[in-house]
Amino acid sequence: MYYPLVPGDKIGLVSPSRSVKPAEIAKGVEYLKSLGFDVVFGGHVFDKYCYMAGTAENRAADIMRFYRDKEIKAIFATSGGDGSQFVAPLLDWNVIRQNPKPFIGFSDTGALQNAILAQTGQVCFTGLTLNYDFKNGALDKQIDASLKTLLFGESFCFKGGKKVVGGKAEGVLVGGCLSLFRNLCGTKFMPDMSGKILLIEDVEEPLYKLDLMLQQISQNPGFGETRGIVFGRFYGCSVRSRDDGTVDGMISRFCEKLQIPVIKDFPYSHEFARYVLPLGAMVCLDADKKALSSV
């Protein structure tokens, strides 16, 4: 559940993961202002603690400040990286349930976004971080267009990739970066996969580890009732030896007994051309048309 934004709305910036410097997010902030938003910085956006953006308590405090503030209509993460899992146990989930608003981020933010989904059922947008996506000087056109589509509440039909298993299914979208989604297994922050469309990509992970992560996900409660799978791309993932095979081989083995629609190579990954997607929203996966659309 979320409410579309309009120009003039206030949005909050938080740093739930890796630390950032003002210059790293300057272009991203200007982009958000160009959409007509009034950008409000959390008090600890530029903090630093180890490899993270300040202590977990301070990062959680920024997030809760913006959930309590009814003038803030969306929350944007400045970066991915590492560390958002420290934050989830410190959040006031009753307050978040009572104040639905989209939480926008990517990569490491996915651990927190899936926790929000598991605890509240609210929609989060995965596919944008302010430091990473402006490294080339401007935002990719596909990210730009899909982000605006979601922020302003428009219907969508995002296409791409290749069919693995044909068919069509509807379900709530969950997942994101595989390693971070896997890290939620066994916690109260792992969404139930029953009736869901599972979204998976990763970056710079050895192929054999990805294979093992998929096995852990498949052995998690609810996977047998998953309605479809969207594999994005696996950017910069290394092969330890020839025996590890390929990403395509890994996906084929994983899907050989599945009877649900599956696509792969969908434009969602750590590459700079991707779609921004709505975790927690009901979507339709049409594997034959290689399309993911709003319902």
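This is a predicted model: local features need pLDDT of at least 70, side-chain atom pairs count only at pLDDT 80 or more; totals for chains, interfaces and linings use all residues.
**View 1. Serine 107 sits in the loop between E4 and H4.** Most residues other than glycine have a negative phi. Serine 107 isn't a glycine, yet its phi is positive, at about 65°. Is serine 107 buried or exposed? Its relative accessibility is 15%, so serine 107 counts as buried, the cut-off being under 20%. Keep Ser107 in mind for the pocket view, as this residue is among those nearest the centre of the largest pocket.

**View 2. Lysine 290 is another residue with a positive phi that is not a glycine.** Here the phi is near 55°. Lysine 290 belongs to the loop between strand E13 (282–286) and strand E14 (291–294). With 29% relative accessibility, lysine 290 comes out as partly exposed.

**View 3. The largest pocket has 21 residues in its lining.** Which residues lie nearest the centre of this pocket? They are Arg18, Ser107, Tyr132, Val203 and His270. The pocket holds about 410 Å³ of space. As for secondary structure, helix H6 (178–183) and strand E9 (196–203) each contribute at least two lining residues.

**View 4. Tyrosine 132 lies in the loop between strand E5 (124–126) and helix H5 (141–151).** This is the Tyr132 from the pocket list, one of the residues nearest the centre. Leaving aside residues up to four places away in sequence, tyrosine 132 touches Tyr235, His270, Phe272 and Arg274. His270 in that set is also among the residues nearest the pocket centre. If you want a distance to check, tyrosine 132 and lysine 148 are 16 residues apart in sequence, and their C-alpha atoms are 18 Å apart.

**View 5. Helix H2 (residues 56–68) has the length you'd expect for a helix.** Its 13 residues should span 18 Å at 1.5 Å a residue, and the C-alpha atoms at its ends are 18 Å apart, so the two values agree. Buried along H2 are Ala56, Arg59, Ala60, Asp62, Ile63, Met64, Phe66 and Tyr67. What do these buried residues pack against? Their partners include strands E1 (10–14), E2 (38–41), E3 (72–77) and E4 (103–105), along with helices H3 (93–98) and H4 (109–120).

**View 6. Tyrosine 67 is among the residues with the most contacts inside the largest nonpolar core.** Nonpolar side chains tend to be buried together in soluble globular proteins. In this model the largest such core has 52 residues, and Leu91, Phe103, Leu198, Ile217, Ile229 and Phe231 join Tyr67 on the list of those with the most contacts. Another core, of 45 residues, lies apart from that one, with Ala74, Phe134, Ile143 and Leu285 among its members. Back at tyrosine 67, the contacts beyond four places in sequence are Ile75, Val95, Ile96, Asn99, Lys101, Phe103, Ile116 and Gln122.

View 7. Not counting residues up to four places away in sequence, serine 84 touches Pro16, Ser17, Arg59, Asp108, Thr109, Ala111 and Leu112. Arg59 in that list is one of the buried residues of H2.

**View 8. The cysteines give a disulfide count of zero.** Cysteine 255 is in no disulfide either, and its nearest cysteine sulfur, in cysteine 237, is 16 Å away. Cysteine 157 is partly exposed at 45% relative accessible area, whereas cysteine 255 is buried at 4%.

**View 9. Aspartate 211 is part of helix H7 (residues 207–218).** At 25% relative accessibility, aspartate 211 counts as partly exposed. Beyond four places in sequence, aspartate 211 touches Met250 and Arg253. Glycine 137 is 74 residues from aspartate 211 in sequence and 35 Å from it in space, C-alpha to C-alpha.

**View 10. Lysine 21 is in the loop between E1 and helix H1 (22–34).** Its relative accessibility is 59%, so lysine 21 counts as exposed. Lysine 21 and valine 45 are 24 residues apart in sequence, with 8.7 Å between their C-alpha atoms.

Terms used:
Residues are numbered from 1 along each chain as its sequence is written. Side-chain values use heavy atoms; hydrogens and water are left out. Helices (H or I, at least four residues) and strands (E, at least two) are DSSP runs, numbered from the N terminus. The expected span of a helix is 1.5 Å times one less than its number of residues. Buried means under 20% relative accessible area, exposed over 50%, partly exposed in between (1.4 Å probe, protein chains only). Contact means heavy atoms within 4.5 Å. A nonpolar core is a set of buried Ala, Val, Leu, Ile, Met, Phe, Trp, Tyr and Cys residues joined through side-chain atoms within 4.5 Å. A disulfide is a pair of cysteine sulfur atoms within 2.5 Å. On a 1 Å grid over the protein atoms alone, a cavity is a set of points where a 1.4 Å probe fits but cannot get out, and a pocket is an open set with protein on both sides within 12 Å along at least five of seven lines; lining residues have an atom within 4 Å of a point. Grid points are joined across faces, edges and corners, and a volume is the space filled by probe spheres set on the points.
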